[in-house]
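Subject: Structure handover

Hello,

Here is the structure for your files. My notes come after it.

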Amino acid sequence: MARDSEEYPSLVAQTGPLSGQRWILKGEIFVGRDDACQVVIQNRQVSRYHARFVSLPHGVQLEDLGSKNGTHVNGHDVIEPMILQDGDVIQIAFAQQFIFLSSDSTLPLEVAPSETNTAIYGPRMLRLDKRSRRVWIGNDELLPPLSVSQYQLLELLYDNPGRVVSRAELIQAVWGKEDAVGISEQALDALVRRLRDRLTTINSKHQFLITVRGHGLRLDNPPFK
């Protein structure tokens, strides 16, 4: 009996020229600039044959094909072939972002913004979708997406509504426990400044990141009306 296409894993294009398109992942799927690829991205940053998805008995494997500008999964370089996990965010060079779904039944095709803590605090102006690492302010999505470090910083503040998060916690969340010792205060300040700049591209009237001197940062995330 033929397998229903909805049982296969799929690839959904998010930010980029292919936004909204979907591909069923079965067999071998090539991504690149060449017209022979199943997923064609017409952008000079993308190599002719950039990456390959292969369906294996134990999952879908992603391989970078020696591309010039790289393939990333959840912000990390793809150096060796890897098995994808449901919800992984895949970036092809700086041109196109995808989300990997292990099957169509596990996650809606249109990934909606998360409403974390909505039951307690009500809808907020700034919203995150943790699975896809997308950010909205009001009805507007923040594009291009935040860098991995910017998103990690914002997510920690978002998960602690109303609480002042210490600088030590912020550094650990972004750089990890092992590397946190060598991170300077200036590095954290520079990251916060870049994140503030990104948030003001959508809403320049509200200061989301509040510095509490001697303590840390808190997120001022007002109700969304």
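This is a predicted model: local features need pLDDT of at least 70, side-chain atom pairs count only at pLDDT 80 or more; totals for chains, interfaces and linings use all residues.

Residues are numbered from 1 along each chain as its sequence is written, and side-chain values use heavy atoms, leaving out hydrogens and water.

The chain has 5 helices and 17 strands (DSSP runs, H or I of at least four residues and E of at least two, numbered from the N terminus). Of its 225 residues, 44% are buried (under 20% relative accessible area, 1.4 Å probe, protein chains only).

Helix α3 (residues 167–175) packs with helix α5 (residues 185–200) at about 75°, and their axes are 11 Å apart (lines fitted to C-alpha atoms over the stretch in contact, angles from 0 to 180 degrees between N-to-C directions). The two are therefore roughly perpendicular (65 to 115 degrees). On the α3 side, R167, L170, I171, V174 and W175 make the contact, meeting E185, A187, L188, D189 and L191 of α5 (heavy atoms within 4.5 Å). These contact residues comprise 7 nonpolar, no polar and 3 charged (nonpolar: Ala, Val, Leu, Ile, Met, Phe, Trp, Tyr, Cys and Pro; charged: Asp, Glu, Lys and Arg; polar: the others, Gly among them).

Searching the whole structure gives 1 cavity of 30 Å³ or more (points on a 1 Å grid over the protein atoms alone where a 1.4 Å probe fits but cannot get out; lining residues have an atom within 4 Å of a point; volume is the space filled by probe spheres set on the points, which are joined across faces, edges and corners). The largest cavity holds about 30 Å³ and is lined by R133, R134, V135, E141, L142, P145 and L146.

Regards

Notes:
On a 1 Å grid over the protein atoms alone, a cavity is a set of points where a 1.4 Å probe fits but cannot get out, and a pocket is an open set with protein on both sides within 12 Å along at least five of seven lines; lining residues have an atom within 4 Å of a point. Angles under 35 degrees count as roughly parallel, over 145 as roughly antiparallel, 65 to 115 as roughly perpendicular and the rest as oblique. Buried means under 20% relative accessible area, exposed over 50%, partly exposed in between (1.4 Å probe, protein chains only).
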